[in-house]
Structure formats: structure tokens, C-alpha cells
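Please look over the chain shown here before reading on.

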Amino acid sequence: MTAARRATLGFTLIELVVVITVMGVLAAASAGFLRGPIASYFETERRTDLAAAGDLTLAKLRQDIARAVPNSARVINAGGRFWLEVLPVRSQGRYRAAGAGNVLSFGMPDTGFDVLGPPVQTQAGDWVVVNNHLPAADVWGGTSRAAYTGPPGLAAALQHATHVFAADAPDRRFQIATSPVSYACDPTNGTLRRFSNYGSPAATQPTAFGAGAQNDLLATGIQRCRAAEFAGTRRRAQTVAVEIGFLASGDRLTLADTIQVETPP
């Protein structure tokens, strides 16, 4: 048979089997070389996603803690879980303590005072908090806060429910606080949740929240939770330390942060 005739007949069965076998060997060898880089790529992706979720979780915690009323952060640790509660600040300023105008009185009932400087933002249901960084102050017990009773909007003069504020301070600072916010970290269910709109500040820190509370799931895959707070003074801000451990698809990540509650100016 001539070469031209053989060219028109295509591959023989033996040739085809040989080619398929060689291709199979090459594919198997390539898979072995590629398996490691591909697995490494997906592991890196999982760890990156886990780190991003952890960073977002801590960012939300930082936002609420850093903008809270001085010395308002409080923590309960129990059974490997923690509950963290803060009283967020809407606005702040300095109160008038002397001179012409409505001054803030101490040691006697008072219902309002003038704001020194720019007006501050207020809303119905807010709280007026004065000098909560002083040793005898207790915003949760009510000694340093009074319910805001004025109209919503920008206020140059504050009205509040009749209250006896205990002590003056050289910096003469006040905050307009909103409703409390709580974080519940639960390794048993692997969740970190943020609760809000569950009521007014109370002397006893809550660990359970009603059905009407805003309940936001911030993170899953939580394996370990710890938190602590360290009281502040006029010269040093309150500090909150948080440690959260994540576990996802066999990957572990532990994030720790130390967050300062707003330093009294």
C-alpha cells in the first residue's frame, strides 16, 4: 500500500489506544502537580474570607464602643459566653455652669441648662448624661443621666426630666445618649449577635432580650469568646478588651482588640 493511500485511511486502532494511554498518563501527572497549588488557592480564599468576616465583626464592635458614654461599657462573662452593653452617644458638648443664662445646678433638682458652643443633635427618647467619668457617677443606676424632654433637632438649650446631678467637673462635658446596645457572643451556637431597641438603661445588665428587640446576626463560626472592661478616670479612658475565636472548615482564627471608650475631653 502506498504512503498516499495510508494517509487517507486515518489512525489505526492501535495508534489510537496508544495516544489515549499517553494522554491519560500526562493528565494524571499534571493533576498531581496542580493539586497542591489548587488546594492552596482555595485554602487561602477560605482564610481570607474568615479574616474579612472577623475584621467586619471587630469594626462594628469598635464603632459602638468608641462612641459610647464614658465608663458606660459593662461586661458579663459566663459559661464561655460574654454579654457586652454600652450606651451610644448621639452628640456631646459643654454645659453652662456660671454666668448669664440657664446654668446647670449640682446637688439640687434641675430641669435644663444652656449649651456652650454649637447646638447639639437630640431626639425623643434620648438621655442627658453629665460627668459619667467621675468616680461616684453611674449612668446605668441613673445618678448621672436624665431623660431628655425637649423637642427633637438641634438644641442650644437642653430640657430634661427633674434630676439631681451630683458633681461638677473642670471640663464640664455632657453627652446626649441613645438607647442601649448589647452584644451577645455565644460559642455554643457559634454566633455573635447585636441587640438594640430593647428598652431604657437599667441598673441590671440584661442577658436576654424581648421579641421586639432588634436582633442582628454579625458573625457565625464563633468558637471562643472573652471580654473585659477596665474603668476609666478623668485622665484615662475606659478600655474594653475583646477576644473572639473563629472556626470554619478546619481553619482557626483568633482576633483580639483593645478598644477605648470615648475619652472625656
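Predicted model: local features only at pLDDT ≥ 70, side-chain atom pairs only at ≥ 80, totals over all residues.

Residues are numbered from 1 along each chain as its sequence is written, and side-chain values use heavy atoms, with hydrogens and water left out. Helices (H or I, at least four residues) and strands (E, at least two) are DSSP runs, numbered from the N terminus, and two strands are said to pair if DSSP finds at least two bridges between them.

**The sheet of S14, S15 and S16**

- Three strands form an open sheet in the order S14-S15-S16, and their pairing is antiparallel.
- The edges of this sheet are strand S14 (222–230) and strand S16 (251–260), each of which pairs on one side only.
- On average, neighbouring strands of this sheet are turned by 10 degrees against each other, direction ignored; the axes behind this value are lines fitted to C-alpha atoms, for helices over the stretch in contact, and angles run from 0 to 180 degrees between N-to-C directions.
- Eight bridges connect S14 with strand S15 (residues 239–248) in the antiparallel sense, and Arg224 has Gly245 in S15 as its bridge partner.

**The disulfide**

- One disulfide (a pair of cysteine sulfur atoms within 2.5 Å) is found when the whole structure is searched.
- Cys185 and Cys225 are the residues joined by a disulfide, with an S to S distance of 1.8 Å.
- This pair links distant parts of the chain, with Cys185 in strand S11 (residues 181–186) and Cys225 in strand S14, 40 residues apart.
- The link of Cys185 and Cys225 is left-handed, with -50 degrees about the S-S bond.
- Cys185 and Cys225 are both buried, where buried means under 20% relative accessible area, exposed over 50%, and partly exposed in between (1.4 Å probe, protein chains only).

- Strand S10 (residues 173–177) is largely enclosed by the rest of the structure, because five of its five residues are buried.
- Arg173, Gln175 and Ala177 point one way from S10, whereas Phe174 and Ile176 point the other way, and all are buried.
- In a regular strand the side chains alternate between the two faces of the sheet.
- Strand S3 (residues 89–95) runs antiparallel to S10 and is joined to it by five bridges, with Ala177 in S10 as the bridge partner of Val89.
- Strand S6 (residues 127–130) also pairs with S10 in the antiparallel sense, over four bridges, and here Val130 has Phe174 as its bridge partner in S10.

**Two residues in their surroundings**

- Val181, which is found in strand S11, is buried, with a relative accessible area of 4%.
- Between Val181 and Ser196 the C-alpha to C-alpha distance is 4.8 Å, although they are 15 residues apart in sequence.
- Not counting residues up to four places away in sequence, Val181 touches Asp64, Leu84, Glu85, Val86, Pro88, Arg194, Phe195, Ser196 and Tyr198, contact meaning heavy atoms within 4.5 Å.
- Thr111, in strand S4 (residues 110–116), is partly exposed, with a relative accessible area of 46%.
- Thr111 and His160 lie 49 residues apart along the chain, and their C-alpha atoms are separated by 5.1 Å.
- Leaving aside neighbours within four places in sequence, Thr111 is in contact with Leu158, Gln159, His160 and Thr162.
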